[in-house]
Amino acid sequence: DTAVSQTPKYLVTQMGNDKSIKCEQNLGHDTMYWYKQDSKKFLKIMFSYNNKELIINETVPNRFSPKSPDKAHLNLHINSLELGDSAVYFCASSQVDRSQETQYFGPGTRLLVL
Amino acid sequence: QKEVEQDPGPLSVPEGAIVSLNCTYSNSAFQYFMWYRQYSRKGPELLMYTYSSGNKEDGRFTAQVDKSSKYISLFIRDSQPSDSATYLCAMVRGSYIPTFGRGTSLIVHP
């Protein structure tokens, strides 16, 4: 009964490869996000989707392309992986309730680019 | 200068101590303030959510916001080894997209 799940948990790959990370939430939330947490623990938002529509796209290289097939899923595809893409990628979902927005994070995908 | 500043620590305290974790921010447009706890190799989880100056208490945790000084704090009373984690502050401007601090690593030793 995991609320926000991500696959894979670990991803080790070579520079130049293309890879995808999948996220699913069973909370019935309308909004989903992708965050990147670097080695210094900074957590930065990359994308936000609301009801399958892209609403936030921070300054992210266009090698990163999110796709939301339905409200419960938000996948992240990365083309031509670079060393600097190594990080932990977190998916999150949220719902606004009485002006309070609570984000629920997945367990993270640890990406290492060699 | 980053929008949200947070000392990464680590902060090491004995069990039972009162812990004080802090963040400063530069943008007065921030309206909502949150504290997340992140255990090693896990995603962050929301601990406290406040949107006004003053104190908010929840069990052993107290969140404090001082908008005039652009300063927020999280106090943990009677700290336990299970409180050992990284604590991230986060702030929201109104679009509900949070800006996070880099997190403070807390170690509570028995």
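Biologist: Is the link of C23(A) and C91(A) left-handed or right-handed?
Modeller: C23(A) and C91(A) form a disulfide (a pair of cysteine sulfur atoms within 2.5 Å), with their sulfur atoms 1.9 Å apart. The angle about the S-S bond is -75°, and the link is left-handed.

Biologist: Before we go on, what should I know about the numbers?
Modeller: This is a predicted model, in which local features need pLDDT of at least 70, side-chain atom pairs count only at pLDDT 80 or more, and totals for chains, interfaces and linings use all residues. Residues are numbered from 1 along each chain as its sequence is written, chains are lettered from A and ligands numbered from 1 in the order in which they are written, and side-chain values use heavy atoms, with hydrogens and water left out.

Biologist: Why is the disulfide of C23(B) and C89(B) given a handedness, and which one is it?
Modeller: A disulfide joins C23(B) to C89(B), with 2.0 Å from S to S. The torsion about their S-S bond is about -100°, so the disulfide is left-handed.

Biologist: Are C23(B) and C89(B) buried or exposed?
Modeller: Buried means under 20% relative accessible area, exposed over 50%, and partly exposed in between (1.4 Å probe, protein chains only). By that rule, C23(B) and C89(B) are both buried.

Biologist: How many residues does chain B bring to the contact?
Modeller: Contact means heavy atoms within 4.5 Å. Chain A gives 22 residues, and the number from chain B is 17.

Biologist: Which three residues supply 27% of the area that chain A buries against chain B?
Modeller: Buried area is the accessible area (1.4 Å probe) that two parts lose on being put together, summed over both. Chain A and chain B bury about 1,800 Å² between them, 60% of it on carbon and sulfur atoms. More of chain A's share than from any other three residues comes from F42(A), L43(A) and E101(A).

Biologist: How many salt bridges does the rule find across the interface of chain A and chain B?
Modeller: A salt bridge is a side-chain nitrogen of Lys or Arg within 4 Å of a carboxyl oxygen of Asp or Glu. Across the interface of chain A and chain B, the number found is zero.
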